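Here are my notes for a first look at this model. Please read them with the structure open.

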Amino acid sequence: MVAQGDPAVASVLIVDDRAENLLALEAILKPLGGRIVKARSGEEALLHLLRETFAVILLDVQMPRLDGLQTAELIKQREQTRHVPIIFITALSREAAYVFKGYAHGAVDYLLKPIDPEIVRAKVRVFCDLWVRGEKIRRQAAQSELKDVFLASVAHEMRTPLAAAKAQAQLALHQLSESEGDAPSAGALRVISRQIDKVVRLVSDLLDVSRLETGTLPLNPTEVDVAAIARDVVGRLQLVADGRELSVQGPESATAVADRDRIEQVVTNLVSNAIRYSPQGSAVQVGLQAQPEWIQLSVRDHGIGVPRDQQQRIFERFARINAEDGVGIGLGLAISKAIVEQHGGRIWVESTGKLGEGSTFHVRLPVKKE
């Protein structure tokens, strides 16, 4: 018999005041491989339900003191047990009024004695399978939530020491420059400062992912010019584009109601990715279209492209086009997707997946959020 509390195995509660009926039901259900718990009365059944969760209850209607209908009514009154399926078993006639009374007390099914073993097993198997699947989904959700809480907690705790380290590095660099000029150690301090900046961005990404998924990241929507944001981002990133030519094409102005900082974050992520995955000497083009109902921003590169089978997955957390490139940890696109969707828009990619043909990422935002 399976150990009590095994999360991979469903438990079945069988309730009958006659021991021989319990033994017969146990023998019928044993081939299913689940855990079987027996109760000789409605009161005993209620005690078992206080201690553990069951996939299904097989409940005899005719019992002394607390009969099956009364037991079912009490089960349905308790929040923790009201959703447990109940199959009534009775030797009474098929009188319609009585059957309806059973359903009114919470039955999901009804079996008449003498019961057919194959029918009983088939019905119980369905509820056990549903319970096992539900438990797997609940465990996965709990693990995911625990991971998110852990990541958010770690990221939050890292912010203060990182800020202190950055300040100390900047102070040391300033003092060194005043006393020794551009000494070799100053170069090392600049490298340290840049690495701290990378970790700070990673911490911010982790916090953003957690807040966006829990809906706790507040937006500050105002009327913003998406075209001006695109030009600002391109102008700033051109300085670090390392020989790649960045350009913006489209209308001079394209206004929408949005959070300026978050839209700038999305554009920065997309243009930075385009630079990262494009060869030197190639071009990265940012295009804008403005319509009465929406604004569309597109970022096109001529790099490695995105294989068709990865074009949905790359917007998931920790997903990367090339897991071996060692660049980033795959949060930028996931954050961008969450921000765009929180604005009521959508984001997608078009690419043949062929090297050199690159990819185009599109963001469509409503002019006014619904």
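Helices (H or I, at least four residues) and strands (E, at least two) are DSSP runs, numbered from the N terminus. The model is predicted: local features need pLDDT of at least 70, side-chain atom pairs count only at pLDDT 80 or more, and totals for chains, interfaces and linings use all residues. Residues are numbered from 1 along each chain as its sequence is written, and side-chain values use heavy atoms, with hydrogens and water left out.

1. Overall make-up. The chain has nine helices and twelve strands. Of its 370 residues, 42% count as buried (under 20% relative accessible area; exposed is over 50%, partly exposed in between; 1.4 Å probe, protein chains only). The accessible surface of the chain comes to about 20100 Å². Carbon and sulfur atoms hold 54% of that surface. Areas come from the Shrake-Rupley method with a 1.4 Å probe; for residues, only the protein chains shown count as cover.

2. Contacts along the chain. Take contacts between residues at least 6 apart in sequence: 65% of them join residues at least 24 apart. Contact means heavy atoms within 4.5 Å.

3. The five-stranded sheet. This open sheet has the order β2-β1-β3-β4-β5, and its pairing is parallel. Two strands pair if DSSP finds at least two bridges between them. The edge strands, β2 (35-39) and β5 (107-112), each pair on one side only. Neighbouring strands are turned by 20 degrees against each other on average, direction ignored. Axes here are lines fitted to C-alpha atoms, for helices over the stretch in contact, and angles run from 0 to 180 degrees between N-to-C directions.

4. Strand β1. How many residues of β1 are buried? Five of the five are, so the strand is largely enclosed by the rest of the structure. In a regular strand the side chains alternate between the two faces of the sheet. Both faces of β1 are covered: Ser-11, Leu-13 and Val-15 lie on one side, Val-12 and Ile-14 on the other.

5. Partners of β1. Five bridges join β1 to β2, and the two run parallel. Ala-39 in β2 is the bridge partner of Val-15. Strand β1 (residues 11-15) also pairs with β3 (residues 56-60), in the parallel sense over four bridges. There, Ile-14 stands opposite Leu-58 in β3. Helix α3 (residues 68-77) packs on the sheet and touches β3 and β4 (86-90). The direction of α3 makes about 170 degrees with that of β4.

6. His-48. This residue is found in helix α2 (residues 42-51). Is His-48 buried or exposed? His-48 is buried, with a relative accessible area of 13%. Not counting residues up to four places away in sequence, His-48 touches Leu-13, Val-37, Lys-38, Ala-39 and Phe-54.

7. Leu-288. Look for this residue in strand β9 (residues 283-290). Leu-288 is buried, at 8% relative accessible area. Residues up to four places away in sequence aside, its contacts include Val-226, Ala-227, Ala-230, Val-248 and Ile-295. Leu-288 and Ala-230 are 58 residues apart in sequence, yet 8.8 Å apart in space, C-alpha to C-alpha.

8. Helices α8 and α9. The axes of α8 (residues 260-276) and α9 (residues 332-342) come within 9 Å and cross at roughly 145 degrees. Residues of α8 in the contact include Arg-262, Val-266 and Leu-270; those of α9 include Leu-333, Ile-335 and Ile-339. The residues of this contact divide into six nonpolar, five polar and one charged. Ala, Val, Leu, Ile, Met, Phe, Trp, Tyr, Cys and Pro count as nonpolar, Asp, Glu, Lys and Arg as charged, and the others, Gly among them, as polar.
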